[in-house]
Structures are given as C-alpha cells and as structure tokens.
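Hi everyone, thanks for coming. I'd like to walk you through one structure today, so let me put it on the screen.

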Amino acid sequence: MSKLLNTAVPAVLMTASLGMVSSTVFAADLDGAKLFTEKTCHSCHGKDASTPVVAGYPSIAGQAKEYLAQQIKDIKSGARSNGQTAAMKGVMHLVSDAEIDAIAAYLSTLPYKPGRAVSKAPTKEQAAANTAAASAAASAASTTRTDPVHASGKLHDGTGEKVWMVKGGEREEALHLKPDHDNGIEVFEVCAGCHLTEGWGKPDGTFPQLAGQHQSVLIKQLADIRSKNRDNPTMYPFALPEAIGGTQAMADVTAYISKIPMNPDNGKGEWAEGTPEYEQGKKLYHDNCIKCHGENGEGNAEKFYPLIQGQHYKYMLRQFEWIRDGKRRNANPDMVKQIKGFSDKDMQMVINYVSRIKPPKEKLAPSKDWLNPDYD
Ligand code: HEC
Ligand code: HEC
Ligand code: HEC
C-alpha cells in the first residue's frame, strides 16, 4: 500500500483504490453511534433504535449487522421500496456505504427489543380541553363553514372549486390556543433531529430553516403535511398527533420555533450584490413577489404568506420549482400564476436575490456559532 502511494500513480487509480479501502478499513474507524444521530436516524427509529416515532416503524436494534447494512443499502438504492420506505429514502443521500456499515455495526451491538412507539397522542382530558378551546375560538371567529379538508381529505370547498385554504379546522384551532413554552421545547427535540436544535436546517437545502418563521405559516404547513395536502414523506410521521401530540402540542411547538433566533449565515446563491444576475433577480422580486412576501421577504403572518428572507437558497429553489411546476400541491394558486412564465435562470436569479436579503438584526442569532441554550 505505502509503495503504491509513493509511486506516481494516476489520480484516478489512486482514488479508485482508496475508495475500495474505505468501506473495509475506514468503516471500522467511523463512529457508528455518532453517525446514528448525526444522520437523523434516531428521529424516526428512537434514541435506542427501538422506540420508533410511530407504531409500525421497525425496531432496528440488535439484528445482524450484515442484514441491517443490506436493508439500509436497499432502501437507499430503491431496491426495497414500499409506502413506508419513502419516509426513510428522503435522508439516504446523507450516508455513504462506509457510514452505513459503521451504523449497522453499532446497531448490532444494541440489546434487541421489539419496536414500540411512544405515543404522544393527547389523553382524553387533553383532547376534551382542546375541543372546548377550539369551539370557543371557532365561535369567536364566527366560522360557519365546516372544514372540508378534514372532512373529506380533499381540498375542495364543496362547490367543486379548488381552493388554496379552507376556513376553520385544526389550523385555526391551533392558532387560538395559548402556547406552553416548556412543552414547545420538549416537542421540538424530535424535530431537531433533522432541523437541528437551532432550527436552522442545512445550507445544502435538505432541511429548511424553521427558526423565525411566522407561527401561522408553520401551523399551516404542518396541517397541510398532516392532511397530505403537501407531499413530504420524510416529514409526514412528525406531523402526526401520534408523534407530536394534538392541536395544543402543534400550537406549543410552532410558537416556540417562531421565536428561535435565525441563522445569520444561511445558504446563498452564487451571485453577489452588484453582479447583473443579482440586479436582475432584485428586479424580478420587486415586480412579482413584494405584494405577498413583502418588501424584504418578511411575509405576512395574517395571510399565511411565508417569511423567505434568510432561508437557504437550495431549499427555496426546490420549493419554487415545485410551486411553478405544480408539484407542491398546497401552493397558493395566485403565486403559481405569477411565476408561470419564469425560466430556470429567472428562478435562480430571483431566489439568489431572496437568499441575500438579510433579516433584521433582532431576528438573528448573535453569531453563526450560536447554540440553542434550551438544549445543553
Ligand atoms: C423519516 C423516518 C426515517 C429515518 C430518518 C430513517 N428511517 Fe430507517 N426506516 C424507516 C421506516 C419507515 C422503515 C421501514 C420501511 C419498510 O416498511 O419497508 C425503516 C427501515 C429501516 C431498516 C430496516 C429494518 C428491518 O428490520 O428490515 C433499517 C436497518 C433502518 N431503517 C436504518 C436506518 C438508518 C441507519 C437511518 C439513518 C441513516 C434511518 N433508518 C433513518 C424510517 C426512517
Ligand atoms: C426526518 C427528518 C425530519 C424531522 C425529524 C422533521 N422534519 Fe420537518 N422537514 C423535513 C424535510 C426534509 C422538509 C422539507 C421537505 C420539502 O422539501 O418539501 C421539512 C419541512 C418542514 C416544514 C415546512 C417548512 C417550510 O418552510 O415550508 C415544517 C413547518 C417542518 N418541517 C416542521 C417540523 C416539525 C415541527 C418537526 C417536529 C415535530 C419536524 N419538522 C421534524 C424533515 C424533517
Ligand atoms: C399571491 C401571493 C404570492 C406571490 C405573488 C408569490 N408568492 Fe411565494 N408563496 C406564497 C404563499 C402563500 C406560499 C406558501 C404556499 C403554501 O401554502 O404552501 C409561498 C411560498 C413560497 C416559497 C416557499 C417557502 C417555504 O418556506 O417553503 C418561496 C421560496 C416563494 N414563495 C418565493 C416567491 C417568489 C420569489 C415570488 C416572486 C417571484 C413569489 N413567491 C410570489 C404567496 C405568493
């Protein structure tokens, strides 16, 4: 080996040989326990790998490492594919083969336990309290319509007309409940598995920044994901009452998230201020987006328009493209119309501009090294 490294081998050959070695030698050097949490596995499978977030997800502790590694690789490649694997597939690009082997080796050392979900579904008393608070809220808001989304699972207003958002339902219930800060912290812990304890998500766009988002927007998105009106298989289990609790818990966690200070160093597009692309993006923003997302991307809490300033470029680009192309089903139809004619380049330029709008100082964490003191 050292002889090989000392001779002038072509770079390609060297990478190839190192690549081969990495899955055998390096896997043993990797810390499987650390990777298990770093790569979000614990959020679905539980810290001990056998208390999954929802019943029906497997216990993965104490099985043979060969079996485990093969299952993970098959789920990653798509060779094992069913309705449930979709949730896990959404994070599989985060792990290499060597990392999978290291995690599998770690899991095989844990004591085997049959999987058992820890249900956070509200108790009868909590459910009754929720209902009472909700009907008070509903009469205060004099909501006359029932909520067809929850009644039928479809987004129609009863006349056959497709609507962006219907009145009432869980979303409005949650908005009217008084949030419990401590429970918000507790519920957010599982979310932090992917969105991080700071709620900052990842600049590579895998996980959006949630910190600082309007509570109303967070509630709408969670309710949409829960009612399968926004397709998000990876997030879906975490929007279920079984995982986070009932409407009160939804109010608690979203109120908490909306107050976390934002990442001062979000992922940005490639064009710095002053470049023609930046300027063109700014113009596109002013002509097409201000009326809903505001002068500085601050959104509008009352109208459920998201805050987009300070969000990661790659996440926004993906959402924008899905909204343009009709893949994000809960998208606002007026936004879809507004951006229909956008080319891919227009899209990149306007999102580049948005990613470079700095949120006001009072919304930002003091530095990019800030750690959330609620979790230490
Ligand atoms: C978003 C939720 C989610 C995340 C995150 C997740 N998994 Fe899974 N995992 C699942 C689900 C659901 C299944 C069951 C799939 C099925 O029904 O075929 C599963 C199945 C598995 C299995 C197969 C178990 C068996 O007995 O066949 C293994 C092993 C596994 N996961 C390991 C991991 C590892 C390692 C990670 C992190 C790199 C991870 N999972 C991340 C949801 C998730
Ligand atoms: C296993 C990983 C994972 C966990 C755990 C997780 N999420 Fe997510 N979440 C995602 C992904 C991935 C997306 C983006 C999906 C997309 O691109 O549409 C997302 C998107 C969201 C969005 C939409 C954001 C927006 O800007 O529209 C909200 C709100 C959200 N998550 C809240 C939560 C909450 C609250 C929890 C905990 C109860 C949670 N998430 C737990 C992976 C996760
Ligand atoms: C008619 C109002 C409207 C206009 C105009 C509009 N948007 Fe939106 N936008 C929305 C709403 C509402 C949502 C959330 C959709 C939903 O309910 O899921 C959204 C979502 C988004 C998202 C995803 C945010 C997230 O956190 O997931 C991005 C990015 C975005 N808009 C960018 C833009 C840009 C850039 C423009 C201009 C080119 C624009 N929008 C024009 C109303 C609008």
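Predicted model: local features only at pLDDT ≥ 70, side-chain atom pairs only at ≥ 80, totals over all residues.

The protein has 19 helices and zero strands. Of its 376 residues, 36% are buried. If you take the contacts between residues at least 6 apart in sequence, 76% of them join residues at least 24 apart.

Now to α5. This helix runs over residues 65–77, so to speak, 13 residues in all, and it reaches 18 Å from its first C-alpha to its last, close to the 18 Å expected at 1.5 Å a residue. The buried residues here are L68, A69, I72, I75 and K76. They cover an arc of only 130° around the axis, and therefore they sit on the same side of α5.

Ligand 1 is surrounded by 22 residues, and the closest are C41, C44, Q71, Q84 and M88. Elements giving two or more residues to this shell are α4, which spans 41–45, together with α5 and α6. The largest share, four residues, comes from α4. By class, the shell around ligand 1 divides into 12 nonpolar, eight polar and two charged residues.

On to ligand 2. Here 25 residues form the surroundings, with S43, C191, C194, M235 and F238 the closest. At least two residues each come from α4, α11 (181–195) and α12 (215–226). Which helix gives the most to the shell around ligand 2? That is α11, with six residues. In terms of class, the residues around ligand 2 are 16 nonpolar, eight polar and one charged. What I like about this shell is where it draws from: at least three residues come from each of domain 1 (2–108) and domain 2 (124–258).

Then there's ligand 3, with 25 residues around it, the closest being C289, C292, N332, D334 and M335. Five helices each supply at least two residues to the shell: α15 (276–288), α16 (290–293), α17 (313–324), α18 (333–339) and α19 (344–355). Among these, α18 provides the largest share, four residues.

One last stop, a single residue. P359 is found in the segment after α19. Is P359 buried or exposed? P359 is buried, because 21 other C-beta atoms lie within 10 Å, and the cut-off for buried is 20 or more. Leaving aside residues up to four places away in sequence, P359 touches G212, M262, Q309, G310 and L364. P359 also lies 7.8 Å from N296, C-alpha to C-alpha, although the two are 63 residues apart in sequence.

Methods:
Residues numbered from 1 in each chain as written. Chains lettered and ligands numbered in written order. Expected span 1.5 Å × (residues − 1). Buried ≥ 20, exposed ≤ 12 C-beta atoms within 10 Å, placed from the backbone. Arc of directions from axis to C-beta. Contact = placed C-beta atoms within 7 Å. Near = placed C-beta within 6 Å. Nonpolar A, V, L, I, M, F, W, Y, C, P; charged D, E, K, R; others polar. Domains from an automatic or database assignment.
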